[in-house]
Amino acid sequence: MNEFPGYGPAHEQLMRRYSRSLPEDHRRRYAAVEAEKIGYGGVAYVARVLGMSRATVHSGLRELEEFDSDHPQRPSGDPQRVRRPGAGRPPRLETDPGAEETFKEVMEAHSAGSPTDERVRWSDLNPGRLAQELLERGIAISRNTAAAWLEQAGFRPRALRKELVTGVVDPQERDTQFRYIAELRRQAYQQDIPVFSVDTKKKELLSALHRRGTCYSSEEQYVYDHDFRHLADGVLVPHGVYDCARNLAFMTLGTSRETSAFVCDAIALAWLTCFQTLYPSAREALLLFDCGGANAARSLRFKEDLIDLSARLGLRLRIAHYPPYTSKWNPIEHRLFSQIERRWRGVILDTPQKALSTLEQTRTKTGLHVVGQILDQCYEIGRTCSETFRSIKDNFIRHDTVLGGWNYVVDANGFDAYSCLANY
């Protein structure tokens, strides 16, 4: 039974909730008001209910007595500040010259600098090691203080940033290519020409290997404690064809290698299995590729395989490559591959069938739908284009006037009729 009438458990819970919503000075004054209402024993009771010391409640009582009834002020004297300035002990480095000198000696012994940039320095110390080094020299500080000293000296945890490019691309050409691709896509949408973003996702090892993330399961799942490659039972080569207009994707799961022949076979499989029925009257398709890899813009082997692909599908293929080092702008990367990676988190990919059944469950609120198929075929590496290809390629490949190295049309039937998409 409560000591004070009217202050039952429900009311005490209400007091605690209201107290937590107040700033520090208002909280102790609220406690003082409640203690005054109760009278004898109120200070001890309110302190227990609100989880504060009796001294804090007494401080609130003194502040209430000192208040000017017409113009109450905060203890700090500043309406925007709770506490008075100047509280706490002064920093150790300011009061102990020996500590500052010892800290500099330790940092000098454990720091190195860039030979090309005097602003860049790094250290092998962390807060724990710094505190230990100083303790061995008679300076006892906590890990938090050591972390503050490191930051004051300009050292903080930093991750490596992947911003140094391995080649040079003319910014003007890069901008022109992005605008050109945007125009090609706009024209294709107007003429109901399919626009496919094409790329190969990161290869996956097939085995009971660890994958980042979690998934819901009724029991614990166990994987190897090391991710050695020799533990894998095979490799999975996920290749995607993403319909930019319909938000539909087809994934081909290869079990061999990523070659230009595999890329073209995957596109053919996607078209014949999934997209042909959606575009029954299509005579042309726009394919968006990265600039490197098995579908490199400079690869003659890839272009020869594209001619064969055009013949198999009966389509004129308009090709546009994203400039080097801009592959992340290819729509398939952020619209499809990111969602598949999220679906595969925490899942053991030990067979192609399990990987396929899992990725076909990929859905988004914006309507993404994914279907797929396993392509269990062996592909050879090191293939070169035929000897006659160089002499006949111009009969089947026409480069655009705008950045022709990245933009061209492939037609196995030649160019009696010009491409449906005009040059930009």
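At 25% relative accessibility, Glu-341 is partly exposed, a class that lies between buried (under 20% relative accessible area) and exposed (over 50%), using a 1.4 Å probe and protein chains only. This is a predicted model, in which local features need pLDDT of at least 70, side-chain atom pairs count only at pLDDT 80 or more, and totals for chains, interfaces and linings use all residues. Residues are numbered from 1 along each chain as its sequence is written, and side-chain values use heavy atoms, leaving out hydrogens and water.

Let's follow Glu-341 to its partner. Glu-341 forms a salt bridge with Lys-201, the term meaning a side-chain nitrogen of Lys or Arg within 4 Å of a carboxyl oxygen of Asp or Glu. This pair links distant parts of the chain, 140 residues apart: Lys-201 sits in the loop between β3 (195-200) and β4 (204-205), and Glu-341 in helix α12 (residues 331-343). Helices (H or I, at least four residues) and strands (E, at least two) are DSSP runs, numbered from the N terminus.

Lys-201 is buried, at 7% relative accessibility. Lys-201 also meets Glu-204 in a salt bridge, and Glu-204 is buried as well.

Here are the individual pairs with their N to O distances:

| Pair | Distance |
|---|---|
| Lys-201 and Glu-341 | 2.6 Å |
| Arg-137 and Glu-133 | 3.0 Å |
| Lys-201 and Glu-204 | 3.4 Å |

In the Arg-137 pair, Arg-137 is partly exposed at 42% relative accessibility, whereas Glu-133 is buried at 15%.

Elsewhere, a network of salt bridges links Glu-24, Asp-25, Arg-28, Arg-29 and Glu-63.
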